[in-house]
Amino acid sequence: MFQTLYSYFWWERLWLPANLTWADLEDRDGRVYAKASDLYVTLPLAFLFLVVRHLFETYVATPLAGLLNVKEKVRLKAAPNPVLERFYAATTKHPKQAEVETLSKKSGCTVRQVERWFRRRRNQDRPSLLKKFREASWRFTFYLLAFIAGMAVIVDKPWFYDLREVWKGYPIQSMLPSQYWYYMIELSFYWSLLFSIASDVKRKDFKEQIIHHVATIILISFSWFANYIRAGTLIMALHDSSDYLLESAKMFNYAGWRNTCNNIFIVFAAVFIVTRLVILPFWIMHCTVVYPLELYPAFFGYYFFNFMVAVLQALHIFWAYLIIRMAQKFITGKARGGLVVEDERSDREETDNSEEEEEAAVKNGPLSNGHPVLNNNHRKTD
């Protein structure tokens, strides 16, 4: 049965144009072609990426955070309460009003104390600023190096300047060593992102991130064994062109460098919109949808590849909406503290006036009528 499924899966009519077989893509006369078996190496490489990431975050990102003076926000801890803790762990982190009132009776706390306890407990579970900075540093480093490497791989190729060259001689197109390593490294990195997504900082677009990683892995894998390598390298380089800008803006955001963060974010937004909403749909997708039909009748692989690109494009539109929302807040002066990159995908720290007063008390001393009482033995400094 497995052999039958294997045969159906690799049926030439699914993945190759008419009148071509896998035998046409066998190595000969010094020409080397991409093979599905090449992709096996990406799984161990993905785990190697996780090891390298751990070392990078420990020995590079953490000291860098210290140099940039990344400071943790003071978080008030929830007082130990077995009743509330059991409900928090087993039922929900966001109790409804009726549940809050029931918990108030069971725990002997007031309703307001229960609400405050859940706010503090949820904040305790949120990732620290250092964790966010380390993640952003790792992704910034990879995306920047990947973009530089990707441009080095494609900038001297004729299909970088003339998209019709992408399909010249397809699928009998020999693979270059630089293309091999570019593909293996990119695919390995996205496998590592998928493996670590459960432990990484969770944002509101968690599901969209999973869809993005899976779609990217499928698209890279398919474009490899169906020899869509030229189109694949263009799409990967296009994606890397803006990602490192976003991660660097986050780093400066966490470090409190607001003006630098704002300026980088504006550049990122412009690059993202131009590359993802203009170049990708009107140049790259036009190249992958229109030009192949001038050479071959449409086949399943053609539809499959363009469908996966369309999935990524839909995600780009979703993220562009979030980016435009952030830019709009900045332009209209509604961004908090003039800061653009308050990530719309992130869960914010929960607080209210009483919480802020208590945090001020932790930093500055006791409160009097809602204001910190200054120690008379020290001068007040601005």
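Start with Pro171, which sits in the loop between helix H8 (158–161) and H9. Keep in mind as you click around that this is a predicted model.

You'll find Asn69 in the loop between H3 and helix H4 (82–90). Asn69 isn't a glycine, yet its phi is positive, at about 60°. Why flag these two spots? Because most residues other than glycine have a negative phi, and most peptide bonds are trans.

**Helix pairs**

Now select H9 and H10 together. Their axes are 9 Å apart and the helices pack at an angle of about 155°. That makes H9 roughly antiparallel to H10, because angles over 145 degrees are classed that way.

Next, bring up helix H7 (residues 129–154) with H11. This pair packs at about 150°, and the axes are 7 Å apart. H7 is therefore roughly antiparallel to H11. The crossing of H7 and H11 is left-handed.

**The second largest pocket**

Colour the lining by type and you get 18 nonpolar residues, three polar and two charged. Then colour by helix: H1 (2–9), H3 (42–67), H9 (177–196) and H10 (206–225) each put at least two residues into the lining of this pocket. The biggest giver is H10, with five residues.

**The second largest cavity**

How many cavities of 30 Å³ or more does the structure hold? There are four of them. For this stop, take the second largest cavity, at about 140 Å³.

Select Thr216, Ile220, Ile235, Met236 and His239 to centre your view; of the 14 residues lining this cavity, these lie nearest its centre. H9 and H10 turn up again here: along with helix H11 (229–255) and helix H13 (300–331), they each supply at least two residues of the lining. By type, the lining of the second largest cavity splits into seven nonpolar, five polar and two charged residues.

**Stretches from the UniProt record**

An unreviewed UniProt entry lists residues 39–56, 140–160, 210–229, 264–284 and 304–324 under "transmembrane region". Select 304–324 and you'll see a chain that is 100% helix and 0% strand, with its end C-alpha atoms 30 Å apart. Switch to 39–56, where the chain is 83% helix and 0% strand, and the end C-alpha atoms are 25 Å apart.

Technical notes. Residues are numbered from 1 along each chain as its sequence is written. This is a predicted model: local features need pLDDT of at least 70, side-chain atom pairs count only at pLDDT 80 or more; totals for chains, interfaces and linings use all residues. Side-chain values use heavy atoms; hydrogens and water are left out. Helices (H or I, at least four residues) and strands (E, at least two) are DSSP runs, numbered from the N terminus. Ala, Val, Leu, Ile, Met, Phe, Trp, Tyr, Cys and Pro count as nonpolar, Asp, Glu, Lys and Arg as charged, and the others, Gly among them, as polar. UniProt positions are given in the numbering used here, feature names are shortened, and annotations may be inferred rather than shown by experiment. Axes are lines fitted to C-alpha atoms, for helices over the stretch in contact, and angles run from 0 to 180 degrees between N-to-C directions. Angles under 35 degrees count as roughly parallel, over 145 as roughly antiparallel, 65 to 115 as roughly perpendicular and the rest as oblique. On a 1 Å grid over the protein atoms alone, a cavity is a set of points where a 1.4 Å probe fits but cannot get out, and a pocket is an open set with protein on both sides within 12 Å along at least five of seven lines; lining residues have an atom within 4 Å of a point. Grid points are joined across faces, edges and corners, and a volume is the space filled by probe spheres set on the points. A crossing is left-handed if the near helix is turned anticlockwise from the far one by less than a right angle, and right-handed if clockwise.
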